[in-house]
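Thanks for coming, everyone. Please have the sequence and the model open while I talk.

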Amino acid sequence: MKITFLLGSIALLAATQAPAEPAAGADDIVARANLAAYYAGDDGRSEVRMIISDAQDRQQRRQFTVLRRDVTDGGDQQFLVVFSQPSDVRGTVFLVNKHSDRDDDRWLYLPGLDLVKRISAGDKRTSFVGSHYFYEDVSGRRPSDDRHELIETTDDRYVLRHTPLDPSSVEFASYVTWIDRETYLPMKIEYTNPAGKVYRRVEVFEVGEFDGFPTVTRSRVSDLLSGGRTDMQFRYIQYDIGLPAEVFTERSLRTPPREWLARPDGED
Amino acid sequence: MRCLLTILLLPVAAYAQEDLWDDDAWEEDAAGTAWTGFVEAGLGTRFSEDPLVDTRATLEDLRWRVETQWQPRGWSIELKADLGYDGIEQEAIAELRDLSLSFSVGDSTDVRLGRQVLTWGTGDLVFLNDLFPKDFVSFFAGRDDEYLKAPGNALRITHFTPLVNVDFAWSPEFDPDVYLTGERFSFFSPRAGGNVAPQPPLSALEPRATPANGEFAVRLFRTIAGREYALYGYRGFFKQPSAVTASGQATFAPLGALGVSLRQPAGPGILHLETAYYDSRDDRDGDDPRIPNDQWRFVAGYEWEAVANFTVGLQYYLERTLDYGALRANSAAPAFEAEKNRQVLTNRLTYRAGRDRYLWSLFTFYSPSDRDAYFRPAFTYRYSDQWSLSAGANVFTGSEAHTFFNQLQDASNVYLRLRLSY
């Protein structure tokens, strides 16, 4: 347990400090990018809002608060997502225990029925709350699911191509990521379908630093075939706030932990 | 080359982003106070006349929902209320669905006191150990699913420990289901040998409101490695007016219940198993024809996402009536008694499309023992975060007049609901 923690801390330091040396290989870059994008700190809190637009520019909105706790760095994680907008999903709570060795456990609480619903882990490449983001975009894709190759190193980006080991489990044939060489955050991802066409793009527009961790604060995913897109914005971000494991249990579905959900003082 | 283009285009894209967000302040955070709700109009009508009910309409609702939460210090006060008019019952809707006070005692006990909706158990629209009140009239008439659960006045205490969590709910007064009265839908009467719609509508005799006639429900539960185990107990009354007093009035027989459930991932989906023993406390030998017999209830179900955005759920449900020989021997109308093993198969199909704007679903109950069925197709179109339109049907069919779903054959209806959320 202690050793895991120690190793995790080292990995974290490596991930968040600007590297003096170029990274050794593609797998190493991906491992660092995974930590930078999904495992900043030991836990974290953020408010998120989304604007989901279709090709006709009709918009839907979502707003929620996410609490995250890492069980092991780069491995198991817990998420609690509490919705505040729109009003018909206000009070809906989503709890995920993400496992590296088996399917994730997911629960959904519907306040109108006082119902705790268990949801199958299912297809991770389906829409997250109606947006163009997939569950996998939000909670991370296992680096071991793809083969990685470094195809270019520019002044500020590593450009990698990723090919799925099990092509039948995903809708893409491959994807290319542009990873910032300083922060290791993926700044752009483009997915190519089996027909060889780029059909989906994730872009990062703004990065801020919070508690020492570079963090994406504005991004967009575009469906290049249908013309739809989802814009996502993060605010009120905090890391290492000391979230206890008990926050990520059935108790928080019926009684969301206000102490941890409240906005930090002195920030707008 | 492409990279260069990206870099050149990035500032433009970023500028477009500013426009998108800046006109709009962040809403209150998840823990904040807000007034929300909706205004909804609902209309429903039968496929054909019910000769016993003078209107063809099954749903004429206009309702305004108000919801808010107030959180002074460590307390939380919840309010959910409906106001409006019900054209079928020709009276105002003034329903408090929630008016409760929540707080924690120490680190590991949550208390909720007041009017609230309570739910537990694993069945999907099949209830074994969930003996909290349900509103089947709303369910059959095509109101939103939320209205299947009726609110009650209760004290709920949940205590969390590393070994096991304990949920305790006490209703000082018995809260029956909202049952069929003949006002909106006619129902089968064994005495009449056919459907009836009594005038005035059926009003069953409820247990006297004394502390001893309250309802106690308890659940012990724990999740171990993704498996959810639960033990249930209940002491109160049958929720349906399935008993008859000596003078012939419908009433609620005393009930005790014990049960267990398991819910866990299995293969690509979620498996659930639940069983309950119903102890009919005033008719343990099953020879009193005025009081329902003991029962074993059992459900096994499985739900999985068969294709992206398309979910399939299947359940097998068994209701075994005990002392069945004694029941038949003493019954005034043995032909109308339920089967010894009433079996129901259910199927839920859900398809979400267009960024969750379109929701198609079909829930089917089919009983091979009763040879009857109940189909619930529904479609919801979410035009925007504010406007949504729901359309659906409740279709009952069968071959014998007295079976549970087929008694509602003339209640088969279609409905339409338009909702503006705020």
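Leaving aside its neighbours within four places in sequence, which residues is A253(B) in contact with? Here is the list: F237(B), F238(B), S242(B), A243(B), S280(B), D282(B), D283(B), I291(B) and P292(B). Two residues are in contact if their C-beta atoms, placed from the backbone, lie within 7 Å.

Some ground rules before we go on. This is a predicted model, where local features need pLDDT of at least 70, side-chain atom pairs count only at pLDDT 80 or more, and totals for chains, interfaces and linings use all residues. Residues are numbered from 1 along each chain as its sequence is written, while chains are lettered from A and ligands numbered from 1 in the order in which they are written.

Back to A253(B). It belongs to the largest nonpolar core, which has 38 residues. A nonpolar core is a set of buried Ala, Val, Leu, Ile, Met, Phe, Trp, Tyr and Cys residues joined through C-beta atoms within 7 Å. Buried means that 20 or more other C-beta atoms lie within 10 Å of a residue's own; exposed means 12 or fewer; partly exposed is in between, with C-beta atoms placed from the backbone. A253(B), F140(B), F238(B), L255(B), A257(B) and L408(B) touch the most other members of this core.

Which elements give two or more residues to it? They are α2 (136-141), β11 (227-237), β12 (243-244), β14 and β15 of chain B. Helices (H or I, at least four residues) and strands (E, at least two) are DSSP runs, numbered from the N terminus. The largest share, four residues, comes from β11(B). There is also a second, separate core of 19 residues; A33(A), A40(A), L160(A) and Y184(A) are among them. As a general point, nonpolar side chains in soluble globular proteins tend to be buried together.

Now zoom out to chain B as a whole. Its secondary structure comes to three helices and 22 strands. The radius of gyration is 24 Å, close to the 22 Å that the globule rule gives for 422 residues, so chain B is as compact as a globular protein of that length. That radius is taken over C-alpha atoms, and the rule is 2.2 Å times the number of residues to the power 0.38. The C-alpha atoms fill a box of roughly 90 × 55 × 45 Å along the principal axes. Buried residues make up 32% of the chain. Take the contacts in chain B with a separation of 6 or more: 54% of them come from residues 24 or more positions apart.

Next, the interface. How many residues of chain B are in contact with chain A? The count is 43, and they meet 48 residues of chain A. On chain B, α1 (2-22), β1 (36-46), β14 (254-266), β15 (269-280) and β16 (295-307) each supply at least two residues to that side. The most come from α1(B), with seven. By class, this side has 17 nonpolar, 13 polar and 13 charged residues. Ala, Val, Leu, Ile, Met, Phe, Trp, Tyr, Cys and Pro count as nonpolar, Asp, Glu, Lys and Arg as charged, and the others, Gly among them, as polar.

Over to chain A, and a helix. α2(A) covers residues 26-38. At 1.5 Å a residue, its 13 residues should span 18 Å, and its end C-alpha atoms are 18 Å apart, which agrees. The expected span is 1.5 Å times one less than the number of residues. L35(A) sits in this helix. Is L35(A) buried or exposed? It counts as buried, because it has 22 C-beta neighbours inside 10 Å.

Chain A also has a hairpin. It joins β7(A) to β8(A) through three residues. β7 (residues 146-153) and β8 (residues 157-164) pair in the antiparallel sense over seven bridges. Strands pair if DSSP finds at least two bridges between them. R147(A) has T163(A) as its bridge partner.

Last, some backbone details. Most residues other than glycine have a negative phi, and most peptide bonds are trans. Yet the bond from Q85(A) to P86(A) is cis, with omega near -5°. P86(A) lies in the loop between β3 (77-85) and β4 (93-98) of chain A. In chain B, the bond from Q199(B) to P200(B) is cis, with omega near -5°. Then there is D356(B), with a positive phi near 65°. D356(B) is partly exposed, because 16 other C-beta atoms lie within 10 Å.
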